Amino acid sequence: MKYIDEFNDPQLARRLLDEIRATATRPWALMEVCGGQTHSIIRHGIDQLLPEQVELIHGPGCPVCVTPLEVIDKALEIASRPGVIFCSFGDMLRVPGTDRDLFRVKGEGGDVRVVYSPLDALELARRNPDREVVFFAIGFETTAPANAMAVHQARRLGLSNFSLLVSHVRVPPAIEAIMTAPECRVQGFLAAGHVCSVMGMAEYPELAERFRVPMVVTGFEPLDILEGIRRAVRQLERGEHRVENAYPRAVREEGNPAAVRMIEEVFEVTDRSWRGIGRIPTSGWRLTDAFRAYDAEQRFDVSGIRTEEPAECRAGEVLQGLIKPTECAAFGTTCTPRTPLGATMVSSEGACAAYYLYRRMNTAAPQAGTAAPQEVAPLA
């Protein structure tokens with residue numbers, strides 16, 4: 001399969017690991033921004049195969065995980081109302097709110113539907129003119145163009161029964177928040193390839209220069225990740241802090257200009273709260289005045305909902321890279337995919353879910369440069 005099998009070659013992986021091992025002369029801590037990268041790293045045991053000098057820190061790059069608890073509760077409130085068809089991607093249905101999730105709402109009679117595109121929700125609005133159809137619009141820059149297009153189309157078609165519950169977040173402000181935190185240990189970043197495929201790389205050089213950290217735009221297959229690590233370690237050893245594109249088959253310097261134009265027409269930058277992290281200035285999007293009529297939060301008057309995170313959940317520390325999932329006492333005990341305390345345990349890109357799925361249940365550190373055979377999936 002083109003561009004899949006080629007990036008799972010075990011022999012090339014060994015060569016890249018040998019180069020990383022030969023290059024790293026002192027400890028370095030790199031953060032992978034995207035949750036998809038985290039799952040690939042844990043699935044293939046990449047973190048266990050690296051030399052002891054190179055540590056991977058899992059970042060807040062899971063859009064489901066960082067959707068604030070109060071937004072989840074707003075979704076639950078809207079989905080519970082009669083006459084509403086509430087549409088979402090499937091990975092949001094198990095995310096816990098204060099006292100229930102969307103599956104529970106569905107079981108109690110709410111019309112909650114899994115869709116594969118916001119345009120599917122738009123079609124439901126067209127077919128059900130007597131129902132209010134709400135799409136749960138979450139995600140990073142990657143999903144924003146499609147959500148913007150859905151609203152744009154709704155206005156063009158004159159569909160007044162369609163709206164978005166928006167919780168979009170932006171990666172560059174999150175990187176700034178991570179780097180300015182007093183406990184930050186991050187010395188370099190593997191930047192999210194899918195985000196950069198949309199937005200391009202223009203926002204990253206200033207961050208790399210200001211915080212003096214290399215940023216390597218990286219894909220999601222094992223060789224993509226190893227190449228990103230190799231380039232980041234090489235820069236660190238040379239005292240460099242540049243932005244490099246190690247994912248040229250998907251990412252261009254300018255990104256996708258048509259997608260960016262659509263985002264800028266429909267959304268405007270705003271401050272946004274991140275679950276477990278807090279409010280980050282200019283880190284989100286909301287609908288512009290021209291499209292505010294399609295804002296479900298305003299339409300259903302749920303803007304006043306306020307919540308508090310459960311004290312026993314340490315997902316916020318996991319999302320900030322301060323702890324690994326196994327360092328949380330609830331991991332795998334009171335917090336499991338069936339009984340999650342936080343979204344990181346049920347999201348398809350959550351770090352806790354990755355550790356649980358691939359049986360990383362042991363908190364003991366692996367021996368340098370080795371892998372645990374019973375836990376590490378083959379690269380091929």
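Axes here are lines fitted to C-alpha atoms, for helices over the stretch in contact, and angles run from 0 to 180 degrees between N-to-C directions. Helices (H or I, at least four residues) and strands (E, at least two) are DSSP runs numbered from the N terminus, and contact means heavy atoms within 4.5 Å.

Please keep in mind that this is a predicted model, in which local features need pLDDT of at least 70 and side-chain atom pairs count only at pLDDT 80 or more, while totals for chains, interfaces and linings use all residues. Residues are numbered from 1 along each chain as its sequence is written, and side-chain values use heavy atoms, with hydrogens and water left out.

**The six-stranded sheet**

Let us start with an open sheet of six strands, ordered β4-β3-β5-β6-β11-β10, with mixed pairing; two strands pair if DSSP finds at least two bridges between them. Its edge strands, β4 (111–114) and β10 (267–274), each pair on one side only. On average, neighbouring strands of this sheet are turned by 25° against each other, direction ignored. At the β10 end, seven bridges join β10 to β11 (residues 278–287), and these two strands run antiparallel. F267 stands opposite L287 in β11.

Two helices lie across this sheet. Helix α9 (residues 171–180) lies across β6, β10 and β11, running at about 175° to β11.

**A well-covered helix and strand**

Nine of the 11 residues of α5 are buried, so this helix is largely enclosed by the rest of the structure. Buried means under 20% relative accessible area, with exposed over 50% and partly exposed in between (1.4 Å probe, protein chains only). Among the buried residues of α5 are D73 and K74, along with L69, V71 and I72. Their cover includes strands β3, β4, β5 and β6, as well as α6 (102–107) and α14 (296–299).

Strand β7 (residues 188–192) has five of its five residues buried, so it too is largely enclosed by the rest of the structure.

**Two helix pairs**

How do the axes of α7 and α8 cross, and at roughly what angle? The axes of α7 (residues 118–127) and α8 (residues 144–157) come within 9 Å and cross at roughly 20°. The two helices are therefore roughly parallel to each other; angles under 35 degrees count as roughly parallel, over 145 as roughly antiparallel, 65 to 115 as roughly perpendicular and the rest as oblique. P118, L119 and L122 of α7 make the contact with A146, N147, A150, Q153, A154 and L157 of α8. These residues divide into seven nonpolar, two polar and no charged. Here Ala, Val, Leu, Ile, Met, Phe, Trp, Tyr, Cys and Pro count as nonpolar, Asp, Glu, Lys and Arg as charged, and the others, Gly among them, as polar.

Helix α9 has a helix partner as well: its axis and that of α11 (residues 204–211) come within 10 Å and cross at roughly 5°. These helices are therefore roughly parallel to each other. V171, P172, I175, E176, M179 and T180 of α9 meet Y204, L207, R210 and F211 of α11. This contact has seven nonpolar, one polar and two charged residues.
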